[in-house]
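Me: I have a protein model to get through before class. Can you walk me through it?

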Amino acid sequence: MNHLEELNEAQKQAVLTTTGPLLVLAGAGAGKTRVIAHRILEIVKSGVAPEQILAITFTNKAAGEMRDRIQTLLKNNGWPFVATFHSVGLTIIKENLRVLGFSRAPTVYDRADSLRAMKEALKSMGAEGQIEPRAALAALSRQKGNGVDVKKFAENAESSRERLIASAWQAYGKVLAAEGALDFDDLLLRAVELLRANNVAREQYKKRWTHLHIDEYQDTNRVQAELAWLLVGPERHICAVGDVDQTIYGWRGAEIANILSFEKKFPGAKVVVLEENYRSTKNILAAANDIIVKNTFRPEKNLFTKNGDGERLSLYRGVDETDEALFVTRKIGELIADSAAQPRDIAVLYRANFQSRAVEEALLAVEIPYQVIGTRFFERKEIKDTLSFVRAAIGGAPTDIARIANVPPRGIGKVTLLKILSGREAELPGTVRAKVAALRALLAKIKEAAVHATPSRLVQFVVRESGMERFYKDDKLEGIERLENLRELVSLAARYDGYPIGEGLEKFLESAALASDQDELKEESNAVRLMTVHASKGLEFPYVFIVGLEEGLFPYEREDESSSDKEEERRLMYVALTRAKHRVFLSYASYRTIFGSKNGTLPSQFLSDISENLLQLETPERLGKTIYLE
């Protein structure tokens, strides 16, 4: 069958435009991943080698899904490079280590590692208490996302706070350099700095990747957009796919201007609009359109679908957050009992993380399984310990040795650790030296195992030989859960067992370092998903609950709120609604407890924006025993 036959006319137009700059404005559920995959196939059919095609996404999950689609279409005729922005940055860095001043591949710091390094930096400069480490990291991250380095920031620092952040940035950089590490933002900034300054490297990558695809272009910040622009060759074969209506990451530096100014950046660019939605019902799309049409900064676009009308959106007014959670839980129970849905088919979305507590308690009470997305798997202690054992054995980075020296407890304290890291082991008592020698012997065994074991076998070896398995078996409080997480780590590592020894381990460690919130989703886990609306981006579920629709909460109210903030909140509601395939349940509480105080609330303005004929009011009388008033 001709691969074009399954595409609609707008999709075909995008797929068949294989040269020059192309902007695809793809509405929610409009099949953008399908378009990218089929366009890549069309480019390959025109004679371009798959290896010359680069496709960039934002999450490992999205990259995996796109890679699977493309491989199915290409049928073993070579593979394009499909990766996240951070993975592309890391690839460029690893291929130019000497130019960038590295003696070996850098360790990639996650959020917890970066926070520890910042705390150490502030302590070294005697600035503890002058600025919160998280606030300092956030300030650095925003500047790096704007393509600004520490030297430029320090030169332009005017206020005392900016000068303090500049000093903290310099001290933080020294900590990372001493440990041979880069943080997430460095992966992009250092790659861009290289491509800016090194004409040879820049031309090399332009020749390697002649055709670029960038997914979720509306979410790019300045440095991500610049990375893409630096890779575009003279033929300007760049395809940006995105949706202005789904720009929801302004708070972390995403610039809506990148997609709005694409045609100015690439004059003569072709623009294709994908408006046919394949996911949701007519009623859900009508509600979403009611919400988004009020935004000013957007190209004209109106989603439509050939799906049925579907049921109206349910709206429930709870007495308080507990009452609201009882409603959500009862409705979920009904969906499962009626065999309309499995738990995995249901998502509960909220604006702020604290809102999950009431829903969690209600689900626990009736024993409905759930999974909270956002508690990152790779930031759990037992997972970080295991990965640090591997890295410490292979590379010997001080930060990894410091992490696992006393895991599980083996009598190596802080004083001993400092002497180990400063090369003064000879000063230690004989009994302590024996413990240190045993640790070094363990790391040597792991290093030897890494030479011939697959990633999954190596993880099993580390868990067993380190003593963690025995330690957690004896822990009656949290041990079982931690062992289950370690077994899951083995399963994740097994995905890389098919690669050559060494390469598979390297790819596994990179994947772990670059993991995002959505990578927490276990497809085989039959549980209700609880997550923020931000975390739900790019996902879909048959049934979606959107809770906490109150003024000040959703839309979220900021002290220094601008018109762009208000539009982003509206886009966030649009994203929430368009996650749903079959039904949407909206709810709010008349009273909500925040910071220990119960306050009266007003219904969200978004609720009055939705046409009344699209809403079905849920009342305590209709729900029968759903509501328990005390």
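Predicted model: local features only at pLDDT ≥ 70, side-chain atom pairs only at ≥ 80, totals over all residues.

Me: Start with the record. What domain does UniProt list for residues 5–281?

Reply: The UniProt entry, which is unreviewed, lists them as "domain: UvrD-like helicase ATP-binding".

Me: How much of that span is helix, and how much is strand?

Reply: Residues 5–281 are 53% helix and 12% strand.

Me: New topic: Asp 323. Which helix is it in?

Reply: Asp 323 sits in helix H16, which covers residues 321–337.

Me: Is Asp 323 buried or exposed?

Reply: Asp 323 is buried, and it has no salt bridge.

Me: Then what does the side chain of Asp 323 reach?

Reply: It reaches the backbone nitrogen of Val 319, at 2.6 Å.

Me: Now the holes. How many cavities of 30 Å³ or more are there in the whole structure?

Reply: The search finds two. The largest cavity holds about 90 Å³ of space.

Me: Which residues line the largest cavity?

Reply: Among them are Val 108, Asp 110, Phe 378, Lys 384 and Arg 391. Ala 512 and Ala 513 line it too.

Me: Which elements give two or more residues to that lining?

Reply: Helix H18 (381–394) and helix H25 (503–513) do. H18 gives the largest share, with three residues.

Note on methods
Residues numbered from 1 in each chain as written. Heavy atoms only, no water. UniProt positions renumbered as here; feature names shortened; annotations may be inferred. Helix = DSSP H or I, 4+ residues; strand = E, 2+ residues; numbered from the N terminus. Buried < 20%, exposed > 50% of the residue type's maximum accessible area, 1.4 Å probe, protein only. Lys, Arg positive; Asp, Glu negative; His and termini not counted. Salt bridge = Lys/Arg side-chain N within 4 Å of Asp/Glu carboxyl O. Polar contact = N/O pair within 3.5 Å; in protein donor to acceptor, adjacent residues only side chain to side chain. 1 Å grid on protein atoms, 1.4 Å probe; cavity = no way out; pocket = protein on both sides within 12 Å on 5 of 7 lines; lining within 4 Å. Points joined across faces, edges and corners; volume = space filled by probe spheres on them.
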